[in-house]
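Here is a colleague's note to read beside the structure. Please keep the model open while going through the points.

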Amino acid sequence: MCSQNRHFNWRRMSAPDMAAVALIAAQVHPDYPEDEWVFAERLALYPDGCLLLEAGKQAAGYVISHPWWECQPPALNSLLRALPATPSTYYIHDVALLPVARGLGAASQLVDILMQLAQTADLATMSLVAVNDSQAFWARHGFASIEDPALQEKLHSYDTAARFLTKEVARR
């Protein structure tokens, strides 16, 4: 499932990676701060969905993802406590790439990896909250914005440009 080429390697995250993840998060998402314990909890709850991107031997990005409930994105910087017994979507909580990792195809390859994880979990959709002008990237990969007034307050807790996106999972 983890993929690599000459420039980068997506691998499963481990507890010792938390310091690097926190540093990347602070650099890439300074307007969306989350405490290290949020990442550590996601790793403990769903290690398959927590991957670290290495460029050479350096941490250059990460993804935090897990099964969740459709149209109910977790609040920023909050603990989940547990994953749902009957999830309805594969939720992409956070993707962060340092500038050195951009333009290598790592993010596009990551979308394929996440699709495989969603298929393995037998979930019908993938979903996320798009921030930092990332909506166009996700749209290129088949994600579409969901306009649901019930989501507006939670989305505005990220910022006024945040959008909830979803994509159907391709069946095997």
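Predicted model: local features only at pLDDT ≥ 70, side-chain atom pairs only at ≥ 80, totals over all residues.

1. Residues are numbered from 1 along each chain as its sequence is written, and side-chain values use heavy atoms, with hydrogens and water left out.

2. A search of the whole structure gives five aromatic pairs, where rings of Phe, Tyr and Trp (its six-membered ring) pair if their centres lie within 6.5 Å, and planes under 30 degrees apart count as stacked, over 60 as edge-to-face and the rest as tilted. Helices (H or I, at least four residues) and strands (E, at least two) are DSSP runs, numbered from the N terminus.

3. Tyr 46 and Tyr 90 form another edge-to-face pair, with 6.2 Å centre to centre and 65° between the planes. Tyr 46 sits in the loop between α2 and β2 (50-55), whereas Tyr 90 belongs to strand β4 (residues 89-97), so that the pair links distant parts of the chain, 44 residues apart. Both Tyr 46 and Tyr 90 are buried. Elsewhere, ring pairs link Phe 137, Trp 138 and Phe 143 into a cluster.

4. In α2, the residues Val 38, Phe 39, Glu 41, Arg 42 and Leu 43 are buried, and what covers the buried residues of this helix includes α1 (18-28), β2, β3 and β4. The helices α1 and α2 pack at an angle of about 125°, with their axes 10 Å apart; axes are lines fitted to C-alpha atoms, for helices over the stretch in contact, and angles run from 0 to 180 degrees between N-to-C directions. That angle makes α1 oblique to α2, since angles under 35 degrees count as roughly parallel, over 145 as roughly antiparallel, 65 to 115 as roughly perpendicular and the rest as oblique.

5. Which residues of α1 and α2 meet? Met 18, Ala 19, Val 21, Ala 22 and Ala 25 in α1 meet Glu 36, Phe 39, Ala 40 and Leu 43 in α2, where contact means heavy atoms within 4.5 Å.

6. Ser 127 is placed in strand β5 (residues 125-130) and is buried, at 0% relative accessibility. Not counting residues up to four places away in sequence, Ser 127 touches several residues, including Glu 70, Tyr 90, Phe 143 and Phe 164.

7. Glu 54 lies in strand β2 and counts as buried at 19% relative accessibility. Leaving out residues up to four places away in sequence, Glu 54 touches His 7, Phe 8, Asn 9 and Arg 11. By contrast, Gln 109 in helix α3 (residues 106-120) is partly exposed, with a relative accessible area of 24%.

Notes:
Buried < 20%, exposed > 50% of the residue type's maximum accessible area, 1.4 Å probe, protein only.
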